[in-house]
Amino acid sequence: MSLPLIAQAEQLTVTPYRPTVSNPAELSALQHLEVEFGVQSNQPGMEEERNSLPFLLKYPFADQWGLLVGGEAWIKSRSPDETISGFGNTSVLLKHYYPINSTLAVGFEAGAVLPSARKSLGQGRTDYLGNLIVSQDISDLRIDVNAGVTRKGFKEEDLDRYRYNWAIAVSHPIDERWGIAGEFSGVLARQQKPTSQFLATLNYLMTPELMLDFGGTIGMTTITDDYGVFAGFALLIAP
């Protein structure tokens, strides 16, 4: 979810990636640190719950290149058998942005998910991933399409290492401060049932440097989390 590409060129503003699964093609403001943080609660099943504090740090160090570091600052997972909590895994991505014209851009992200979480909250191995992004503005409508692949560091018995993820997000401003977005996303893998979800969010631009968001998700398949709720912010930090 993002502000239109044209608006990015006119004014130095926050460039939110959260809370959608998909990212926009563009980077945040050059040589400025942008911080995203949120709270999220997912209900995988009737007697299960997963709460987390997702975060993302973005720093474009060159005109079309940036570094993304993210993860979950805290996770608490509850099931009928046990409750576990701790720090989550950490992703480190290099991102390239290529504007085609004032309304169309592509991006590419590549990197790894490092096993910083305790083994009960993660797989204890490094995953490698790549993601292709196409962002298009049609008047005030923004469309972000993501297609990516993840190679799991740990191979589960009889399951393929590769996961293919997709996401299509559409966002639109309501007025100068409020906006809405909807997104379908999912994961495909051989020898596994596909997962997919629908996400809806409402965002509020408090200042040009700070955007707040609120929303929820609903699972579209039997093995996807039943539902989730979230809230958070994206903050552009001026030097």
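Trainee: How far apart are the mean positions of the positive and negative charges of the chain?

Mentor: Lys and Arg are taken as positive and Asp and Glu as negative, with His and the chain ends left out; each charge is placed at NZ of Lys, CZ of Arg, CG of Asp or CD of Glu. In this chain, the mean positions of the 18 positive and 27 negative charges lie 9 Å apart. The model is predicted, so local features need pLDDT of at least 70 and side-chain atom pairs count only at pLDDT 80 or more, while totals for chains, interfaces and linings use all residues. Residues are numbered from 1 along each chain as its sequence is written, and side-chain values use heavy atoms, without hydrogens and water.

Trainee: What percentage of the residues in the chain is buried?

Mentor: Buried means under 20% relative accessible area, exposed over 50%, and partly exposed in between, with a 1.4 Å probe and protein chains only. Of the 239 residues in the chain, 42% are buried. The chain exposes about 12,200 Å² by the Shrake-Rupley method with a 1.4 Å probe, and carbon and sulfur atoms supply 61% of that area.

Trainee: Which residues does a cis peptide bond join?

Mentor: Most peptide bonds are trans, and most residues other than glycine have a negative phi. Here a cis peptide bond joins Arg18 and Pro19, with omega about 5°. Pro19 belongs to the loop between helix 1 (5-10) and strand 1 (33-45).

Trainee: Where does Gln31 lie, and what is its phi?

Mentor: Gln31 is also found in the loop between helix 1 and strand 1. Gln31 is not a glycine, and its phi is positive, near 55°. With a relative accessible area of 48%, Gln31 is partly exposed.

Trainee: Is Gln191 buried or exposed?

Mentor: Gln191 counts as exposed, at 58% relative accessibility. Gln191 has a positive phi of about 70°, although it is not a glycine. Its place is the loop between strand 10 (178-188) and strand 11 (195-207).

Key: Helix = DSSP H or I, 4+ residues; strand = E, 2+ residues; numbered from the N terminus.
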